[in-house]
Amino acid sequence: MNLEVADLRLSFGGLLAIDGLSFGVGENEIVSVIGPNGAGKTSAFNCVTGFYRPTAGRILLDGQDVSGRRPEQIAAMGVARTFQNLRLFGELSVLDNVRAGTHLWSRQRAIDALLHTPRFRRTENEVTDEAHRWLDFVGLRGDRAGPARALPYGEQRRVEIARALARRPSLLLLDEPAAGLNHSEKAEMTDLIRRIRELGISIALIEHDMGLVMEVSERVVVLNFGREIADGPPEQVRRDPQVIEAYLGRDAEDSEIAEIIGDGHG
Ligand SMILES: Nc1ncnc2c1ncn2[C@@H]1O[C@H](COP(=O)(O)OP(=O)(O)OP(=O)(O)O)[C@@H](O)[C@H]1O
Ligand SMILES: [Mg+2]
């Protein structure tokens, strides 16, 4: 799926959270949106997914203007997301959390459910099998029958991604999927994001981990105070003086800059 965001603006009362943002995610591309805390990254995702109504600008999915549509309508078009702060149903089992992601395509007729018809049971089995396959895909190691809240944090992040994938999306928006993960979990997340793309899914990624961003992205869009300050391939963006300044301020030490732009890491 192709996403095009054109001159997006969003204000909360007097605060301009997004002040003119334009970027695109091409068919089967991985595009990252980065920027300091409060830059407007999550707000931009909330506009794309219909959680926030933009003050101005356009959002196109495969050329169709969807600005102002409701979250369910946008989800039904093939857009799935994960949240910066996990939103699993903690008391539900891991498996049921992922099964919940299938409701868009597996909706049962009430009459079939009431009568437990063969058709109902077939769909239930299909949903369960597919949920297991997505949990395999994301590499979940923990218990699938136990409550989601019992899993370690890194595993819960995978469950959330499995649930988003169970919606069979064409575009996936990931909001800080590597936040709170340790070094080896981050490497696995990098691999997972690549494997999701190999399924033919377009990906928009918000992430603070520069190593991950530089490794997986075709293009990187940089936001600062709601404004876009750079957009280009990772090698170009990470050397952009405005980007370095936005992250570090004018008086940055060379060693800090090296850390951000990834010198010495290949
Ligand atoms: N629902 C809201 N009501 C009022 N202000 C909001 C709301 N959501 C976001 N904001 C404000 O909009 C600005 C952008 O916030 P946003 O969450 O989009 O930033 P972000 O780039 O995702 O930051 P972070 O890296 O910390 O997640 C901030 O000043 C934030 O306080
Ligand atoms: Mg955010």
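Which helix and strand each supply at least two residues of the shell around ligand 1? They are β2 (15-25) and α1 (41-48); helices (H or I, at least four residues) and strands (E, at least two) are DSSP runs, numbered from the N terminus. This is a predicted model, in which local features need pLDDT of at least 70 and side-chain atom pairs count only at pLDDT 80 or more, while totals for chains, interfaces and linings use all residues. Residues are numbered from 1 along each chain as its sequence is written, and chains are lettered from A and ligands numbered from 1 in the order in which they are written.

**Stop 1: the ligand**

Select ligand 1 and then the residues around it, including Phe12, Asn37, Lys41, Thr42 and Gln84. A residue is near a molecule if its C-beta atom, placed from the backbone, lies within 6 Å of it. Helix α1 gives the most to this shell, with three residues.

**Stop 2: the open sheet**

Next, display β2, β1, β4 and β5, which form an open sheet in that order with antiparallel pairing. The edge strands, β2 and β5 (64-65), each pair on one side only. Two strands pair if DSSP finds at least two bridges between them. Strand β4 (residues 56-61) and β5 are joined by two bridges; select leucine 61 to find its partner in β5, glutamine 64.

**Stop 3: strand β7**

Now select β7 (residues 171-175), where five of the five residues are buried. A residue is buried if 20 or more other C-beta atoms lie within 10 Å of its own, exposed if 12 or fewer, and partly exposed in between, with C-beta atoms placed from the backbone. In a regular strand the side chains alternate between the two faces of the sheet. In β7, Leu171, Leu173 and Asp175 are on one side and Leu172 and Leu174 on the other. Strand β6 (residues 79-81) pairs with β7 in the parallel sense over three bridges, and β7 pairs with β8 (residues 202-206), also in the parallel sense, over five bridges. In β8, alanine 204 is the bridge partner of leucine 173.

**Stop 4: threonine 102**

Finally, select threonine 102, in the loop between α3 (94-100) and α4 (103-106). Is this residue buried or exposed? Threonine 102 counts as buried because it has 20 C-beta neighbours inside 10 Å. Its C-alpha atom is separated by 8.1 Å from that of alanine 131, 29 residues apart along the chain.
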